[in-house]
Amino acid sequence: MGDTVQKKISVDMLCEVWEQKQRKFEMDIRMLLDSAKHLAVQLSQTIESSAEPIDRIRSQQQFKLNYLMIHLTEELQRQSDKAGAKRRLQEWNKSLDKMRLKIAVLSESLSKLGLVDVLAMKKLCELPDNSQQNYEKLSQTLQHCEAMRAEHLKALIGHVHTEINEWCDLTLQYPSARNYQKDCCTVELLELLEEQLKDIKDYYNANKAIFEVYAKRARLWMRMEALDEKAKKPNRYQNRGGALLREERERKAINIKLPRIEQQIRELAQDYERRNGQPFLVQGEDILARIANEWEDYRMAKEQQSAARKKTASDNLLEPLNNSARSGFISLRKTTSVPYFNSTTVSPTWTAKLQPEKRQRERSK
């Protein structure tokens, strides 16, 4: 692997050196041609100003200079043609690469509905052939994919929208494409939603560590709340095959793991804020503030449960005393009560005993 990389670097360096030599060669030709033109002008002016006939030596110099300028001009034209051909070849290759990219994107989208074989499309796009025949094949494939996209546009938009909602749940965000117009089915809308989906996936992959650790915390938090709900049941102290002991061990393990995970989240969130200049958000809320609020709500719920238990225990403690006091009061009424007096209930014997005393009192008067 290392040798292959080293060879590739060496080949790239050689190509770069060759291109530099070519550029320098072209510049040298231009400089030589300019010098030859300048010399030709000087030689022509000398000949015109001289009254003497042109000798054989000067004639040969003029001929050589003209030949040199013709040669340099032709070489410069060849360099220009080569550069033009190279540019045209680059443009040709770019056009094929552009078609390959479009086919790859369209095939990926269409494959989600099972409309194309994405592996066959990928194999076609990976062919290094840039011939005219392959260009026509890629062009036909691209037209076919575009026609299929237009035919199934509504289904594609709905599928991408569903994916956006799923990834928004995964990245703990509010779906921003929830209220899109379902009757608006255009290629522009599909491309916009696909771009949005790509951004969400990139955001998740860039912050995957935070999402994974926060998901662990969410699972532990839900399990802790479930154990708390079990602890509220009246039959929690009954032996359920050792379940009570297992729940207590699990609760202790959660109390150990949860602070460690929250410390990891705190470090990752602070690093994200340093890099991006803004806090890491969960459902539009700072992740650290959200964790703090959850703990505050949890403590308040615990305090309310504790207060309710204390009140229930106090009421249960006072109820026997109240019952005892009420029964004592009833017994007192039974023992100290005076019978209700009714003249119709007095016996004749008791009335006869009272008659002599009554007559005696009357005589004394």
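Tutor: On a 1 Å grid over the protein atoms alone, a pocket is an open set of points where a 1.4 Å probe fits, with protein on both sides within 12 Å along at least five of seven lines, and its lining residues have an atom within 4 Å of a point. This is a predicted model, in which local features need pLDDT of at least 70, side-chain atom pairs count only at pLDDT 80 or more, and totals for chains, interfaces and linings use all residues. Residues are numbered from 1 along each chain as its sequence is written, and side-chain values use heavy atoms, without hydrogens or water.

Student: Which element gives the most to the lining of the largest pocket?

Tutor: The lining includes A104, V105, E108, S109, K112 and V160, together with E191, E194, E195, L197, K198 and K201. Two helices (DSSP runs of H or I, at least four residues, numbered from the N terminus) give two or more residues each, namely α2 (56–111) and α6 (187–206). With six residues, the element that gives the most is α6.

Student: Is E163 buried or exposed, and which residues does E163 touch?

Tutor: E163 lies in helix α5, residues 153–170, and is buried because its relative accessible area is 13%, where buried means under 20%, exposed over 50% and partly exposed in between, with a 1.4 Å probe and protein chains only. Leaving out residues up to four places away in sequence, the residues that E163 touches (heavy atoms within 4.5 Å) are K112, L197 and K201.

Student: What distance separates the C-alpha atoms of A155 and L110?

Tutor: A155 also has its place in helix α5, and it counts as partly exposed because its relative accessibility is 40%. A155 and L110 are 45 residues apart along the chain, and their C-alpha atoms are separated by 9.9 Å.
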